[in-house]
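Walk me through the structure shown here.

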Amino acid sequence: MATVNVTLSLSSTDLFAKQTISFTETDSLAPAGDQMLVGRLVTTGSGTEDNIALKALDGANDRAYVFLHNLSTTSGEYVKIGLCATHGSDSGAGDWFAVLGPGEFMFMPIGSSSGFQDIDIEAAAGNPVVEYILMEKAA
C-alpha cells in the first residue's frame with residue numbers, strides 16, 4: 001500500500017498586531033482507490049476552460065486528495081479552479097472556488113458526495129502550466 005506524507009506549516013510574527021502564529025500539521029495518507037492521476041496541463045489561454053477529466057469516485061464514502069500547482073512565474077498568469085458535475089462540459093460562469101497565482105498551490109480533500117466529474121481550470125492570461133495529483137482513498 002502506498003503512503004503519502006503531508007506537512008503544512010503556517011507561521012508569522014507580524015501578520016497580527018498582538019499575536020504570533022505557528023502551526024504545523026502532519027498526516028500520513030494511504031491512497032488505495034483505483035483513481036490515481038499525476039500530470040501537467042498546459043492551459044489553452046484566457047477565456048477557455050481546460051479540464052482534468054476524472055471518473056466519479058466509486059463508493060458512497062470514498063474520498064480523494066487533490067494537489068494543484070500553478071508553475072508559472074509570470075505576473076498575471078493566475079488560474080481559476082472550479083468543479084464540474086458533467087464530464088466534458090464547462091463549469092458554470094462565476095462558480096470558481098479558488099484562484100492560484102503564479103507559484104501558488106493548493107491541497108484539498110474531496111468526497112464522493114460532491115458528484116463532480118472534472119476539475120476545470122481557466123487561465124487569466126498566457127498559458128500557465130498546472131501540475132496536478134489526484135489520489136483516491138477508498139472508505
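Predicted model: local features only at pLDDT ≥ 70, side-chain atom pairs only at ≥ 80, totals over all residues.

Residues are numbered from 1 along each chain as its sequence is written, and side-chain values use heavy atoms, with hydrogens and water left out.

Start with N70. It sits in strand β5, residues 63-70 (strands are DSSP runs of E, at least two residues, numbered from the N terminus). N70 is buried, at 0% relative accessibility (buried is under 20% relative accessible area, exposed over 50%, partly exposed in between, with a 1.4 Å probe and protein chains only). A polar atom of the N70 side chain lies 3.0 Å from the backbone nitrogen of S72. A polar atom of that side chain also lies 3.1 Å from the backbone oxygen of L100. Beyond four places in sequence, the contacts of N70 (heavy atoms within 4.5 Å) include E77, Y78, G103 and P128.

Now the rings. There are two aromatic pairs (Phe, Tyr or six-membered Trp rings with centres within 6.5 Å; planes under 30 degrees apart are stacked, over 60 edge-to-face, the rest tilted). Y65 and F107 are stacked, because their centres are 6.0 Å apart and their planes lie at 0°. This pair joins strand β5 to strand β8 (residues 105-111), across 42 residues. Y65 is buried at 8%, whereas F107 is partly exposed at 33%.

F67 and F105 are tilted: centres 6.2 Å apart, planes at 35°. F67 is in strand β5 and F105 in strand β8, 38 residues apart. F105 is exposed, at 54% relative accessibility.

Key: Helix = DSSP H or I, 4+ residues; strand = E, 2+ residues; numbered from the N terminus. Polar contact = N/O pair within 3.5 Å; in protein donor to acceptor, adjacent residues only side chain to side chain.
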